[in-house]
Amino acid sequence: MPDVLDQSEVDALLAAVDAGAVKEETTAKVFSRNKRITDVEIRTYDFKRPERVSKDQMRALEALHEGFARNFGAALSGYLRTIVEVSVANIEQLTFSEFIHALPNPTCFNLLSAKPLDGQMCLEISPLIIYPIIDRLLGGSSADLFIPQRPLTQIEWRLVKRLTDRALSNLSEAWSHITKIGFELTETESNPQLVQIVPPNEVVVVIGFEIKMGNRAGTMSFCIPYNVIEPVMSKLSQQNWFTYAKKAADDSHSKAIEKSLSGAPLQVKVLLGQTTIKVDELLNLASGDILQLDKPASGEMVIQVEGKNKFTGVVGQYKGKRALRIKRAIDANDRVA
């Protein structure tokens, strides 16, 4: 009997299964020397697509690139002068062949180097969003834009490079939480079928992003071959990631916020005193009239910052001009008139 069934035998077998003549095997038997094994959990495993990245590492990669998506969206919004939203849509393990065959042709395909890591990564941007962005850069509204089915021109590649430079800068910043990596654009291609950076059956991690700009939306895919990031996989545990994120928020992030707020303008007022007058007296006030306040000129005045009592001080003169010298800060329990 031959080991391989021909097509007629395969068709006959499938027809028999559909007709119910052959029952499908739904249970699996486990043979072991230990006869006490009665309940064993069995999971399917595809040897063509082994899961080489653990779930914790996948969650860490997702959290890392969610931060990248927020920063990249903010950078695009400032550059394009319109609201651009970037978010992580999905993250999965595929073979490189499956990733390439799922991409449109032509598309915006960028090969990246990630020094000091060996090998290359891929950043693909869908034509559905790249052409509206190019139209926006050239002064159009992209309202009734037709998406052409052609490769990008040299001028369009130059414009796209401005976007990829911002993406690579934000990628380097996001990955600096794990290890210092310098992402650089090495080559561009319109036909992804011509690119072969790893063997077709090599496992890759693909992070899919969704980019929204007005009424336009498209996808961006970041392909990371496993053999490229294998040296740093031990640093991608979820615990290490959140520990670093908490430390960064307490240190560098706080300093950045403090630096940004240090140049913010504030309104400062000095309350010289109060008094009570009649409405008739208020209506008859004229230039040169004198109002007697409830505080002496040498008394402490209340200094308000943005409408809140912050300091007390005394009125004086400095270099021929009226000035106020701060004496003390006002506590929450102080009662100031």
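A contact here means heavy atoms within 4.5 Å, and a residue is called buried when its relative accessible area is under 20%. The model is predicted.

**Overall make-up**

The protein has 9 helices and 10 strands. Of its 337 residues, 33% are buried. Contacts between residues at least 6 apart in sequence join residues at least 24 apart in 63% of cases.

Helix α4 is largely enclosed by the rest of the structure, because 8 of its 11 residues are buried. The buried residues are P127, I129, I130, Y131, P132, I133, I134 and D135. They pack against the helices α2 (55-80) and α5 (154-175) and against the strands β3, β5 (203-213) and β6 (216-225).

S126 sits in the loop between β3 (120-125) and α4 (127-137). Is S126 buried or exposed? Its relative accessibility is 7%, so S126 counts as buried, given the cut-off of under 20%. Leaving aside residues up to four places away in sequence, S126 touches T107 and T219. At the start of α4, a side-chain oxygen of S126 comes within 3.1 Å of the backbone nitrogen of L128. Just after α4, G139 has a positive phi of about 100°.

**Nonpolar cores**

Which residues have the most contacts inside the largest nonpolar core? They are M121, W175, F183, F209 and F222, in a core of 55 residues. One of them, F183, touches S113, A114, M121, L168, L171, S172, W175 and F222, again not counting residues up to four places away in sequence. A second, separate core has 13 residues, among them F99, L103, C122 and V206.

**Nonpolar surface patch**

On the surface, V270, L272, I277, L282, L285, L291, L293 and V315 form a nonpolar patch. Together these residues have about 610 Å² of accessible area. L285, one of the patch residues, is in the loop between α9 (279-283) and β8 (301-305). With a relative accessible area of 39%, L285 is partly exposed, because that class lies between the cut-offs of 20% and 50%.

**Backbone geometry**

| Item | Angle |
|---|---|
| N105 to P106, cis peptide bond | omega about 5° |
| K115 to P116, cis peptide bond | omega near 10° |
| R81, positive phi | phi about 55° |
| K319, positive phi | phi near 55° |

P106 belongs to the loop between α3 (96-101) and β2 (108-115), and P116 to the loop between β2 and β3.

R81 is in the loop between α2 and β1 (84-95). Its relative accessibility is 73%, so R81 counts as exposed. K319 lies in the loop between β9 (308-318) and β10 (321-329). K319 is exposed as well, with a relative accessible area of 72%.

Terms used
Residues numbered from 1 in each chain as written. Predicted model: local features only at pLDDT ≥ 70, side-chain atom pairs only at ≥ 80, totals over all residues. Heavy atoms only, no water. Helix = DSSP H or I, 4+ residues; strand = E, 2+ residues; numbered from the N terminus. Buried < 20%, exposed > 50% of the residue type's maximum accessible area, 1.4 Å probe, protein only. Polar contact = N/O pair within 3.5 Å; in protein donor to acceptor, adjacent residues only side chain to side chain. Core = buried A, V, L, I, M, F, W, Y, C linked by side-chain atoms within 4.5 Å. Patch = residues over 30% accessible without salt bridge, like charges linked within 9 Å, V, L, I, M, F, W, Y side chains within 5 Å. Areas by Shrake-Rupley, 256 points an atom, 1.4 Å probe, with all protein chains shown as cover. Salt bridge = Lys/Arg side-chain N within 4 Å of Asp/Glu carboxyl O.
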